[in-house]
Amino acid sequence: MICARPVSYTHLDVYKRQGLGRTVLGAALARAAGLALLPVVFWLPAANVFWVVAALYTLHQGGWSIWAITQGSLRQSLTPAHLQGRVTASFLVVVRSAMPLGALLGGLLGQAAGLIPTFVVGSIGMLAASVW
């Protein structure tokens, strides 16, 4: 989170310049790109791995921060006040219920195909989810 904190402070500037749709999409794509480029570290010299992983993590977490703030604000602005708790709880149940399923599928794929193909498949899934 230390990497993402400075990025989250720029959220309002990004939102004002890009608008709602582009901000949400751009943040989701930044999250996906941070993970999609991660397999590159397997071919880097050991001395560079830390810095590349730190940069990709910053990109991923920064995108997550901007995405979370923007979609949360949008969800709250569209939901009547008396339903906000239910809508937020429903959103969190759906999102967090998918996490163990993704972990299970990722573990099975990683065991069957190996680490790099699993990262590639996961990255494609995140990119597809970003534009959906």
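Phenylalanine 50 and tryptophan 51 are both exposed (over 50% relative accessible area; buried is under 20%, partly exposed in between; 1.4 Å probe, protein chains only). The model is predicted: local features need pLDDT of at least 70, side-chain atom pairs count only at pLDDT 80 or more, and totals for chains, interfaces and linings use all residues. Residues are numbered from 1 along each chain as its sequence is written, and side-chain values use heavy atoms, with hydrogens and water left out.

Rings of Phe, Tyr and Trp (its six-membered ring) pair if their centres lie within 6.5 Å; planes under 30 degrees apart are stacked, over 60 edge-to-face and the rest tilted. The count by this rule is 2 aromatic pairs. Phenylalanine 42 and phenylalanine 119 form a tilted pair, 6.2 Å centre to centre with 55° between the planes. Phenylalanine 42 lies in the loop between helix 3 (20–36) and helix 4, and phenylalanine 119 in helix 6 (residues 115–131), so the pair ties together parts 77 residues apart in sequence. Phenylalanine 42 is partly exposed at 38% relative accessible area. Phenylalanine 119 is also partly exposed, at 26%. Phenylalanine 50 and tryptophan 51 form an edge-to-face pair: 4.9 Å centre to centre, 85° between the planes.

Helices are DSSP runs (H or I, at least four residues), numbered from the N terminus. Helix 4 (residues 46–78) has 33 residues. Its expected span (1.5 Å times one less than its number of residues) is 48 Å, and its end C-alpha atoms are 48 Å apart, which agrees. Its buried residues include Leu56, His60, Ile66 and Arg75. Histidine 60 has a relative accessible area of 13%. Beyond its neighbours within four places in sequence, histidine 60 contacts Ala30, Arg31, Gly34, Leu35 and Met126 (heavy atoms within 4.5 Å).

A charge sits over a ring if NZ of Lys or CZ of Arg is within 6 Å of the ring centre and within 35 degrees of the ring normal. Arginine 31 lies over the face of tryptophan 67, 5.1 Å from the ring centre. The charged end of arginine 75 sits over the ring of phenylalanine 91, at 4.4 Å from its centre.

The largest pocket has a volume of about 1,200 Å³. A pocket is an open set of points on a 1 Å grid where a 1.4 Å probe fits, with protein on both sides within 12 Å along at least five of seven lines; lining residues have an atom within 4 Å of a point. Of the 28 lining residues, Arg31, Val95, Ala98, Met126 and Ala129 are closest to the centre. Helix 5 gives the largest share of the lining, 12 residues.

Methods. Helix = DSSP H or I, 4+ residues; strand = E, 2+ residues; numbered from the N terminus. Points joined across faces, edges and corners; volume = space filled by probe spheres on them.
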